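Here is a short note to read beside the model. Please keep the sequence and the 3D view open while going through the points.

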Amino acid sequence: MDGGALYRTESAALRRYLARMSGDTDAAEDLVHETFVRALRHPAALKRSGRGWLFTVATNLLRDRARARERHTRLATEIAEPVAPRTDADAEAGELRERLHAALAALSHRERSAILLRHEGYAQREIAEILGTTTGTIGTLTARALRKLADSEPLRPFRP
């Protein structure tokens, strides 16, 4: 598959995964492009491993960006004013998104990756390949992450 075809078939899933992992759609877009630039530089690796390689590269780029952001945050503080939602429905949806993001952020990087890759429709074998582990570990990791999400404080108000 050529680079253009691969981009057309995989970029949307990769963008969703990165946006959910980072909580930042702009950063996700940048990381998608950077991932595909790396794919063009390493065609043999891409050909050998396919879309799993793309998600592995994207996950590593995201992790590197998060580490850099943590270092930067230690040095500087950012003050942002919250933007008021326009309607009650927007407010509720925004609150749910924030709570879900907070619950996901409480998971380890590997747990969050496994959950979000599963949500994207990846098989356990593919997730294991992307995260560099075994399928058994992914099963355990996913079950533990789902249990943590179900028990998480940010999502408690939404349980019956």
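1. How many helices and how many strands are there in the chain? The model, which is predicted, has eight helices and zero strands. Read from the N terminus, the order of elements is α-α-α-α-α-α-α-α.

2. A word on confidence comes next. The mean pLDDT of the chain is 82, and 86% of the residues reach 70 or more. Residues 77-81 have a pLDDT below 50, and beyond near neighbours in sequence this stretch has one contact in the model. Please read that stretch with this value in mind.

3. Some totals for the chain follow. It has 160 residues, of which 34% count as buried. Its accessible surface comes to about 10300 Å², and carbon and sulfur atoms account for 53% of that. Take the contacts between residues at least 6 apart in sequence: 61% of them join residues at least 24 apart.

4. Is Phe55 buried or exposed? Phe55 belongs to helix α4. Its relative accessibility is 0%, and the cut-off for buried is under 20%, so Phe55 counts as buried. Leaving aside neighbours within four places in sequence, Phe55 is in contact with Glu10, Ala13, Leu14, Tyr17, Leu117, Tyr122 and Ile130. Of these contacts, take Ile130: Phe55 and Ile130 are 75 residues apart in sequence, yet their C-alpha atoms are 6.1 Å apart in space.

5. Helix α6 covers residues 109-119. Which residues of α6 are buried? They are Glu111, Arg112, Ser113, Ala114, Ile115, Leu116 and Leu117. Leu117 is also one of the contacts of Phe55. After α6 comes Gly121, which has a positive phi, near 95°.

6. Glu111 sits in α6 and has a relative accessibility of 2%, which is why it counts as buried. With neighbours within four places in sequence left aside, Glu111 is in contact with Leu141, Arg144, Ala145 and Lys148. Helix α8 spans residues 135-151.

7. Ala150 and Ala103 are 47 residues apart along the chain, and their C-alpha atoms are separated by 9.1 Å.

8. The second largest pocket has a volume of about 320 Å³. Which helices supply its lining? Helices α1 (3-22), α4 (51-75), α5 (88-105) and α6 each give at least two residues. α4 gives the most, with six residues.

9. By type, the lining residues divide into four nonpolar, three polar and five charged.

Note on methods: Residues are numbered from 1 along each chain as its sequence is written. This is a predicted model: local features need pLDDT of at least 70, side-chain atom pairs count only at pLDDT 80 or more; totals for chains, interfaces and linings use all residues. Side-chain values use heavy atoms; hydrogens and water are left out. Helices (H or I, at least four residues) and strands (E, at least two) are DSSP runs, numbered from the N terminus. Buried means under 20% relative accessible area, exposed over 50%, partly exposed in between (1.4 Å probe, protein chains only). Contact means heavy atoms within 4.5 Å. On a 1 Å grid over the protein atoms alone, a cavity is a set of points where a 1.4 Å probe fits but cannot get out, and a pocket is an open set with protein on both sides within 12 Å along at least five of seven lines; lining residues have an atom within 4 Å of a point. Grid points are joined across faces, edges and corners, and a volume is the space filled by probe spheres set on the points. Ala, Val, Leu, Ile, Met, Phe, Trp, Tyr, Cys and Pro count as nonpolar, Asp, Glu, Lys and Arg as charged, and the others, Gly among them, as polar. Accessible areas come from the Shrake-Rupley method with a 1.4 Å probe; for residues, only the protein chains shown count as cover. pLDDT is the predictor's confidence in each residue, from 0 to 100.
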